[in-house]
Amino acid sequence: MNTQEKANESLKLKKNAINLLSKAIAKIILKFRLSRTEILNSLDEQLVLEAKKQDPDATNVTIAIRTGINRRYIPAYLKGESPKASPDKLASILEDLRWTAHKYYNSTKITKVGHFRTFQSICEQRAAGMLTYQAILDELVKRGNIKDLGQKVEILDFINLSYKNDINYSQITAVQINRLIDTIIFNSKTINKEDKFVQQTIFSSQINPNKFNNLHREIRQCVDNYKSDITKLLISYEENVSVGTYPEYGVSFLEYKIEK
């Protein structure tokens, strides 16, 4: 392959990558009814902030060249705050309840009232000054996430809350994609294989689609068993501090589905 052929092949690969990324973004915009204009404006802002983060000494002209954004807009982007969506309060409370019940009660049930490791204390910590723990209890019972047992509450369905609400699920999707991209970029810059984060894909193109449903169920069972082992491993490394004290560290599971 001569130099020109290599250059053409490189351009083709870059175009394919851009098309795939654009297709993914288009699906997200349409699925969650997001604003295309806001997406594009936010993309420009994040490009500027990320370029400055990677090179704090970069001038506005340099950032404009690297990002392709008019240099007149650079100062405004640098002065503005990067938009950060606050996590959904109910989802945060449910996550805290799930971990507390698993770690300290070895159960799906947790004491309702009290000032330490209870439903009440978690609600008051996560939604201080916003909602009473009773109001949160009523809402979570109504949504089918927990069951009121009197002295205790039982966690029934953590995932249900997110899947019922497109806004919540769009946030979860954005977080997952961001985690994936951070991992890919880190691994691309890391030389030693032992230092790279887990990023593996196993697939086959020799399975009849008629068997996909059965395979899906078996994969689900394998992942559920493995998830339990990973959860125990994470807990074994935890310190006796409040949820959210340290940055998140964990593993994501993805049984991927490709749509043409």
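In this predicted model, Ile-110 has Val-153 of strand E3 as its bridge partner. The strand pair behind this bridge is E1, residues 109–111, and E3, which run antiparallel and are joined by three bridges. Lys-109 stands opposite Glu-154 in E3. Glu-154 also has Lys-147 standing opposite it.

**The sheet**

Strand E2, residues 146–148, is likewise joined to E3 by three bridges, and these two strands run antiparallel. Together the strands form an open sheet of three, in the order E1-E3-E2, with antiparallel pairing. E1 and E2 are the edge strands, each pairing on one side only. On average, neighbouring strands in this sheet are turned by 25° against each other, direction ignored. The hairpin of E2 and E3 has three residues between the strands, and Gly-150 takes a positive phi near 95° there.

| Strand pair | Bridges | Direction |
|---|---|---|
| E1 and E3 | three | antiparallel |
| E2 and E3 | three | antiparallel |

**Helices on the sheet**

Helix H5 lies across E1, E2 and E3 and runs at about 90° to E1. Helix H7 packs on the sheet as well, where it touches E2 and E3; the direction of H7 makes about 120° with that of E2.

**The nonpolar cores**

The largest nonpolar core comprises 16 residues, and those with the most contacts inside it are Ile-93, Leu-97, Phe-119, Ile-136, Leu-140, Ile-146 and Val-153. Two or more residues of this core are given by each of helix H5 (89–105), H6, helix H7 (133–143) and strand E3 (152–155). H5 supplies the largest share, five residues.

Leu-97 is in contact with Ile-110, Phe-119, Ile-122 and Ile-155, leaving aside its neighbours within four places in sequence. Apart from this core lies another, of eight residues, including Ala-51, Ile-63, Ile-69 and Ile-74.

**Gln-120 in helix H6**

Gln-120 is found in helix H6, which covers residues 119–126. Is Gln-120 buried or exposed? Gln-120 counts as buried because its relative accessibility is 10%, and buried means under 20%. Leaving aside neighbours within four places in sequence, the residues in contact with Gln-120 are Lys-112, Val-113, Gly-114 and Tyr-133.

Technical notes. Residues numbered from 1 in each chain as written. Predicted model: local features only at pLDDT ≥ 70, side-chain atom pairs only at ≥ 80, totals over all residues. Heavy atoms only, no water. Helix = DSSP H or I, 4+ residues; strand = E, 2+ residues; numbered from the N terminus. Buried < 20%, exposed > 50% of the residue type's maximum accessible area, 1.4 Å probe, protein only. Contact = heavy atoms within 4.5 Å. Core = buried A, V, L, I, M, F, W, Y, C linked by side-chain atoms within 4.5 Å. Pairing = 2+ DSSP bridges. Axes fitted to C-alpha atoms, helices over the stretch in contact; angles between N-to-C directions.
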